[in-house]
Amino acid sequence: MIYLKLFVSFLQIGLFSFGGGYAAMPLIQEQIVNIHGWLSMSEFTDLITISQMTPGPIAINSATFVGIKIAGIPGAAVATFGCILPSCIIVTLIAKIYLKYRNVTVFQSVLDSLRPAVVAMIASAGVSILVSAFWENTEKIGITNINWEMLIIFLICITLLKKIKMSPVMVMLLAGGMNMIFVLLTKK
């Protein structure tokens, strides 16, 4: 029964993940944290971090990770297959439709109308991750319980990415190093 739950959950994620990995994050969170409780919010944030550090799309990496955690290698295979099946079918159909109707104005209007929804989903995912990164207790958000170390690391990373144009891989490595330093300095 768990294999069916994994398959159906990630089938839904694969089916409604318009806009790529960042747009899929709210859907993934809803399925694996809120509905099934397979991961806590903290584990979900770790999952997103791991998914960003490993090659491949976030949704597929998430499916593999959750599948392994819940039901081992067979669970990973079932969840991953559920996640990619809709894309395989949809991309094949859209490619045929696009090649046939790409110059039709109504078709272009439909594609244009999806853009704001995708941006909203990406923004929602970003806010959820920021909140869980800066506050351990998301029920009680305030200046008094902010995780200052994470905020400092975040601001340094934004500066390195936007102002200095440093490689994202290097920024991730530096962020990990900075966190290790904070942990060592605050460990008593």
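Me: Why does Ser51 count as buried?

Reply: Its relative accessibility is 2%. Buried means under 20%, so Ser51 counts as buried. Keep in mind that the model is predicted.

Me: Where is Ser51 found, and what does Ser51 touch, not counting residues up to four places away in sequence?

Reply: Ser51 sits in helix H3. With residues up to four places away in sequence set aside, Ser51 touches Gly56, Ile58, Asn61 and Ser62.

Me: What makes Lys163 exposed?

Reply: The relative accessible area of Lys163 is 69%. The cut-off for exposed is over 50%, so Lys163 is exposed. As for its place, Lys163 is in the loop between H6 and H7. The C-alpha atoms of Lys163 and Cys88 are separated by 39 Å, and the two residues are 75 residues apart along the chain.

Me: And why is Asp112 called partly exposed?

Reply: Asp112 has a relative accessible area of 38%. Buried stops under 20% and exposed starts over 50%, so at 38% Asp112 is partly exposed. Asp112 belongs to helix H5.

Me: How do you know which residues have the most contacts inside the largest nonpolar core, and how many residues are in it?

Reply: That core has 21 residues, and those with the most contacts inside it are Leu6, Phe10, Ile28, Ile32, Phe44 and Val66. Membership calls for buried residues joined through side-chain atoms within 4.5 Å. Helices H1 (2–16), H2 (21–35), H3 (41–53) and H4 (58–101) each give two or more residues to this core. H4 gives the most, with seven residues. In soluble globular proteins, nonpolar side chains tend to be buried together.

Me: What is Ile28 in contact with, leaving aside its neighbours within four places in sequence?

Reply: Ile28 is in contact with Ile13, Val33, Phe44, Ile58, Ala59 and Ser62. Another core lies apart from the largest one; that other core has six residues, among them Ile153, Leu160, Val171 and Met178.

Me: What volume does the largest pocket have, and which residues are the closest to its centre?

Reply: Its volume is about 1500 Å³. The lining has 36 residues, and the closest to the centre are Thr45, Thr49, Ile129, Ala133 and Phe154. H2, H3, H5 (105–134), H6 (148–162) and H7 (168–186) are the elements that give two or more residues to that lining. H5 gives the most, with nine residues.

Me: How does the lining of the largest pocket split by class?

Reply: There are 23 nonpolar, 10 polar and three charged residues in the lining.

Me: What does the secondary structure of the chain come to?

Reply: Seven helices and zero strands. From the N terminus on, the elements run α-α-α-α-α-α-α. The C-alpha atoms fill a box of roughly 65 × 45 × 30 Å along the principal axes.

Note on methods
Residues are numbered from 1 along each chain as its sequence is written. This is a predicted model: local features need pLDDT of at least 70, side-chain atom pairs count only at pLDDT 80 or more; totals for chains, interfaces and linings use all residues. Side-chain values use heavy atoms; hydrogens and water are left out. Buried means under 20% relative accessible area, exposed over 50%, partly exposed in between (1.4 Å probe, protein chains only). Contact means heavy atoms within 4.5 Å. On a 1 Å grid over the protein atoms alone, a cavity is a set of points where a 1.4 Å probe fits but cannot get out, and a pocket is an open set with protein on both sides within 12 Å along at least five of seven lines; lining residues have an atom within 4 Å of a point. Grid points are joined across faces, edges and corners, and a volume is the space filled by probe spheres set on the points. Ala, Val, Leu, Ile, Met, Phe, Trp, Tyr, Cys and Pro count as nonpolar, Asp, Glu, Lys and Arg as charged, and the others, Gly among them, as polar.
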